[in-house]
Amino acid sequence: MKQMDTFFISIRDIELYYADTDAMGVVYHANYLKFFERGRTGLIEDLGYNYLEMENEGYFAPVYDVYAVYKKPLRYGDQAKVKTWVETNDGIKTVYGYQIINQNEEICVEGTTTHIIVSKETFRPKPFKKIFPEWFNKYEEIKKQPTDK
């Protein structure tokens, strides 16, 4: 984990397996979504929370939206990391930002996922700010600010 000037970034190593690659020998595009999830889970753990607690309290945090830009391929044998941060957090939706970088610190993929909180019983959206106020406030404290680059 790393504290930037005004926002928190969680960093996790990614182990690349041969099975992660496609016929071109590069990491298959959909696998980056798994790497985003590893990063998001790592960030949540770094802050002292976890999805299991959320689920035990009767809620899920499904993906509402995904965005990814593929800039440079990762190949089997490369070393990779996922950097994750809270991009925005408005009380209803939380947007996580990601960068997948290689051993040369080059950005290979960057993107975001947007999540909402829903009831396990009804799958209806619930306000993160009201359901998990401590967690929400922690995100407010560590999120990326509009002036951050």
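First, the ground rules. This is a predicted model, where local features need pLDDT of at least 70, side-chain atom pairs count only at pLDDT 80 or more, and totals for chains, interfaces and linings use all residues. Residues are numbered from 1 along each chain as its sequence is written, and side-chain values use heavy atoms, with hydrogens and water left out.

The protein chain has four helices and eight strands. Helices (H or I, at least four residues) and strands (E, at least two) are DSSP runs numbered from the N terminus. In order from that end, the elements read β-β-α-α-β-β-β-β-β-β-α-α. The radius of gyration is 16 Å, close to the 15 Å from the globule rule for 149 residues, so the chain is as compact as a globular protein of that length. That radius is taken over C-alpha atoms, and the rule is 2.2 Å times the number of residues to the power 0.38. The C-alpha trace spans about 45 × 35 × 25 Å along its principal axes.

Of the 149 residues, 42% count as buried. Buried means under 20% relative accessible area, exposed over 50%, and partly exposed in between, with a 1.4 Å probe and protein chains only. As for contacts (heavy atoms within 4.5 Å), take those between residues at least 6 apart in sequence: 64% of them join residues at least 24 apart.

Now to His-115. It sits in strand S7, residues 107-119. Is His-115 buried or exposed? It is buried, because its relative accessible area is 4%, under the 20% limit. Its side chain makes polar contacts with two others: Thr-113 at 2.9 Å and Arg-40 at 3.4 Å. A polar contact is a pair of N or O atoms within 3.5 Å; within protein, one must be able to donate a hydrogen and the other to accept it, and residues adjacent in sequence count only if both atoms are side-chain atoms. Setting aside residues up to four places away in sequence, His-115 also touches several tyrosines, among them Tyr-51, Tyr-64, Tyr-96 and Tyr-98.

Next, the core. A nonpolar core is a set of buried Ala, Val, Leu, Ile, Met, Phe, Trp, Tyr and Cys residues joined through side-chain atoms within 4.5 Å. The largest one has 30 residues, and those with the most contacts inside it are Leu-43, Leu-74, Ile-100, Trp-135 and Tyr-139. Elements that each supply at least two of its residues include strand S2 (8-14), helix H1 (31-46) and helix H4 (133-142). H1 gives the largest share, five residues. Beyond four places in sequence, the contacts of Ile-100 include Phe-35, Phe-36 and Leu-74, as well as Glu-106.

How many does a search of the whole structure find? Eight, where a salt bridge is a side-chain nitrogen of Lys or Arg within 4 Å of a carboxyl oxygen of Asp or Glu. In one of them, Lys-72 pairs with Glu-106, with the closest N and O atoms 3.9 Å apart. Lys-72 is partly exposed at 35%, and so is Glu-106 at 31%.

Glu-141 and Lys-138 form another, at 3.2 Å from N to O. Both are in helix H4, three residues apart, about one turn. Glu-141 is exposed at 55%, whereas Lys-138 is partly exposed at 25%.
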